[in-house]
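Please find below my notes on the model you sent. They are in the order in which I would read the structure.

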Amino acid sequence: MIEELYREHWPLVCGFLLRSHLAEDLAQETFVKATRALLGWRGENPAAWLLAIARNVLVDHIRRRRIEVALPDPGELGVPALHVVSLDVRDTLDRLPERHRRLLTLVYLEGFSLVEVAAMTGRNHASIKTAVWRARNAFADIYGAPE
């Protein structure tokens with residue numbers, strides 16, 4: 001069973017983790033955790049199940065490492081200083097319901113495609129597209145409302 005999952009979903013899990021230079025190590029850890037959790041798997045969508053494990057492996061890795069990189073001065077990069085608008089956007093995101101905030105963060109801040117988000121959540125592409133549309137509308141309602 002795990003061999004089938006491995007052969008069929010290795011590229012998907014590895015692609016998801018390629019955002020990190022440790023992709024192969026983290027993919028291996030994902031399949032080790034999947035092997036341990038196989039008895040508890042209820043047979044739902046294997047891609048969504050594996051991507052959920054992969055995401056947790058990546059988050060755990062980042063939390064363990066706690067690497068802080070010193071950023072160069074924005075002026076050196078030719079980037080304008082942080083604007084109040086950026087803070088307003090973060091504040092608006094914080095005021096959204098969790099389901100909306102998570103979707104907008106995955107798509108717009110973390111750069112995942114709708115297909116990837118669908119696989120991560122076990123939902124279909126059309127329902128994710130609709131949910132993101134609703135989340136954007138909720139964001140626009142809050143962002144445009146006077147304080």
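Is Glu98 buried, exposed or partly exposed?

1. Glu98 has a relative accessible area of 46% and is therefore partly exposed. The limits used are under 20% for buried and over 50% for exposed. Its salt-bridge partner is Arg101, with the closest N and O atoms 2.7 Å apart. Both residues belong to helix α6, where three residues, about one turn of the helix, separate them. Arg101 counts as partly exposed because its relative accessibility is 22%.

2. Please keep in mind that this is a predicted model. The mean pLDDT of the protein is 77, and 78% of its residues reach 70 or more. Confidence is lowest in helix α4 (residues 74-77), with a mean of 54. It is highest in helix α8 (residues 125-144), at 89.

3. The structure holds two salt bridges. Arg95 is partly exposed at 44% relative accessibility, and Asp91 is partly exposed at 36%. As a general point, side chains of opposite charge can pair when their charged atoms come close.

4. Thr105 lies in α6, which spans residues 98-109. With 14% relative accessibility, Thr105 counts as buried. The buried residues of this helix are His100, Leu103, Leu104, Thr105, Leu106 and Val107. After α6 comes Gly111, which has a positive phi near 80°.

5. The largest nonpolar core has 27 residues, and those with the most contacts inside it are Leu50, Val117 and Met120. Two or more residues of this core come from each of α1 (2-17), α2 (23-37), α3 (46-65), α6, α7 (114-121) and α8. The largest share, seven residues, comes from α3. In soluble globular proteins, nonpolar side chains tend to be buried together.

6. Which residues does Met120 touch, leaving aside those up to four places away in sequence? They are Phe16, Ala48, Leu51, Arg55, Leu106 and Phe112. Leu106 is also among the buried residues of α6.

7. A second, separate core has seven residues. Among them are Leu93, Leu96, Ala135 and Ala138.

Technical notes: Residues numbered from 1 in each chain as written. Heavy atoms only, no water. pLDDT = per-residue confidence, 0-100. Helix = DSSP H or I, 4+ residues; strand = E, 2+ residues; numbered from the N terminus. Buried < 20%, exposed > 50% of the residue type's maximum accessible area, 1.4 Å probe, protein only. Core = buried A, V, L, I, M, F, W, Y, C linked by side-chain atoms within 4.5 Å. Contact = heavy atoms within 4.5 Å. Salt bridge = Lys/Arg side-chain N within 4 Å of Asp/Glu carboxyl O.
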